[in-house]
Amino acid sequence: MKVHEYQAKELMRRYGIPVPNGKAVTDASSAKAAAAELGLPCVVKAQIHAGGRGKGRFKEDPELGGVKLARTADEAGELAGRMLGKTLVTAQTGDAGKVVGKVLIEQGLDIARELYLGMVIDRETARVVIMASTQGGMDIEKVAAESPEKILKERIDPGSGLMPFNVKKLCCGLGLKDDEAKNARALIGGLYEFFIKEDASLVEINPLVVTKDGKVVALDAKLTFDDNADFRHKDHEALRDLTEEDPLEVEADKYGFNYVKVHGGSVGCMVNGAGLAMATMDIIKLCGGAPANFLDVGGAADSKVVENAFRVLVSDPEVKAVLINIFGGIVRCDLVANGIVEGLQKIGNIKVPVVVRLRGTNADEGIRILKASPLKFTVAPDFGEAAKKAVELAKNGGG
């Protein structure tokens, strides 16, 4: 789960991580009052779940970026008014952009240097890796591609945790000395504690700034929580902003489905199991098509599950055909087939063609049930034929 910058900073304060004073607001008058309270100059920052806001541009106001300096309270109010309710397009949002519902009014700092600091899980080594660079304020992906030697990496042993030598190597690599190094050591230690205790999967500070009086401050904050640890953090749910999420993913989540939207495709995929989902999308691509989404129904596929899953799938206007690809291991294919027939009969007036491929326990009986139903399924004998037919139907506009 992603959170907004202002929310991430509020959490970081609890761990003693230095962040600028700021206030999130939803209207221009509140922005003006916040600027007067915090002191000038101040920064007006659009709050959306995407990076690159400073380089982004508003659809309605192409001259305006998502991060702007205000030298007066009136200017802060005017900038906030231009941002709120408008659509900000960045490299990470795609052409659709994101509508700005809040802005963060934040005190200005006297910056001497901009650095980069991030923490993420390294799946290969099963460790937290801390990344740091002197190239703060830039797209870290670009730095990694063009100057990988400028990114320092420290992998932390989970048994011993963050050790002084790990922090010292990072500070030396960033060129920090004396009070700057002392302040950075405290910040890195607090950030690691925050990462572990809050079950984060990503924390990124870009830029991490050194002020002219030697302070080290998290000027920006990007935070993603590990959804698998939600049961340990009931307070995280209150931080969720559903307006920033795909509406269909939100709807699927209500039913406990794993749903992912894939932009630009036309074949909706209903599967059981993440591995089968990946294979299904791959073979659709090999057949010359593109998946529009995939929905994993898990181990259950009764009529209610199929009905809800199908409604989510076809709510996507890009879907021109649906491929139901089920492997009957724990679940029997005949029960799945009955669920498909009953679920789609409840929906009625199905406007897109449906291709079904069943394999596994009682697959023959499941296929017989599908063929005997009054619904117009295309029952495919194997994986490749199912994908090929779904792509063909999708390309024909569902006809």
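Start by selecting Pro41, which sits in the loop between H2 and strand S3 (42-46). Helices (H or I, at least four residues) and strands (E, at least two) are DSSP runs, numbered from the N terminus. The peptide bond joining Leu40 to Pro41 is cis, with omega about 0°. Most peptide bonds are trans.

A word on what you're looking at: this is a predicted model, where local features need pLDDT of at least 70 and side-chain atom pairs count only at pLDDT 80 or more, while totals for chains, interfaces and linings use all residues. Residues are numbered from 1 along each chain as its sequence is written, and side-chain values use heavy atoms, with hydrogens and water left out.

Now select helix H2 (residues 28-38) together with helix H3 (residues 73-83). Their axes come within 7 Å and cross at roughly 145°; axes here are lines fitted to C-alpha atoms, for helices over the stretch in contact, and angles run from 0 to 180 degrees between N-to-C directions. Which residues meet here? From H2, pick Ala28, Ala31, Lys32, Ala35 and Ala36; from H3, pick Ala73, Asp74, Ala76, Gly77, Ala80 and Gly81. Contact means heavy atoms within 4.5 Å. Sorted by class, this contact of H2 with H3 has seven nonpolar, two polar and two charged residues. For the classes, Ala, Val, Leu, Ile, Met, Phe, Trp, Tyr, Cys and Pro count as nonpolar, Asp, Glu, Lys and Arg as charged, and the others, Gly among them, as polar.

Next, bring up helix H5 (residues 164-173) and H6, whose axes are 10 Å apart at an angle of about 130°. That angle makes H5 and H6 oblique to each other (under 35 degrees counts as roughly parallel, over 145 as roughly antiparallel, 65 to 115 as roughly perpendicular, and the rest as oblique). H5 passes H6 in a right-handed crossing. On the H5 side, show Val167, Leu170 and Cys171; on the H6 side, show Ala181, Ala184, Arg185 and Ile188. The contact of H5 with H6 counts six nonpolar residues, no polar ones and one charged.

How many cavities of 30 Å³ or more does the structure hold? There is one, and the largest cavity has a volume of about 40 Å³. On a 1 Å grid over the protein atoms alone, a cavity is a set of points where a 1.4 Å probe fits but cannot get out, and lining residues have an atom within 4 Å of a point. Grid points are joined across faces, edges and corners, and a volume is the space filled by probe spheres set on the points. Select the lining: Leu117, Leu174, Leu176, Ala184, Leu187, Ile188, Leu208 and Val216. Helix H6 (residues 178-197) gives the most to this lining, with three residues. The lining has eight nonpolar residues, no polar and no charged.

Move on to Asp199, in the loop between H6 and S12. Its phi is near 55°, a positive value in a residue other than glycine. Most residues other than glycine have a negative phi. Then select Pro207, in strand S12 (residues 200-211). A cis peptide bond joins Asn206 and Pro207, with omega about 15°.

Last stop: helix H10 (residues 333-347) and helix H11 (residues 363-372), whose axes come within 7 Å and cross at roughly 20°.

Note on methods
On a 1 Å grid over the protein atoms alone, a cavity is a set of points where a 1.4 Å probe fits but cannot get out, and a pocket is an open set with protein on both sides within 12 Å along at least five of seven lines; lining residues have an atom within 4 Å of a point. A crossing is left-handed if the near helix is turned anticlockwise from the far one by less than a right angle, and right-handed if clockwise.
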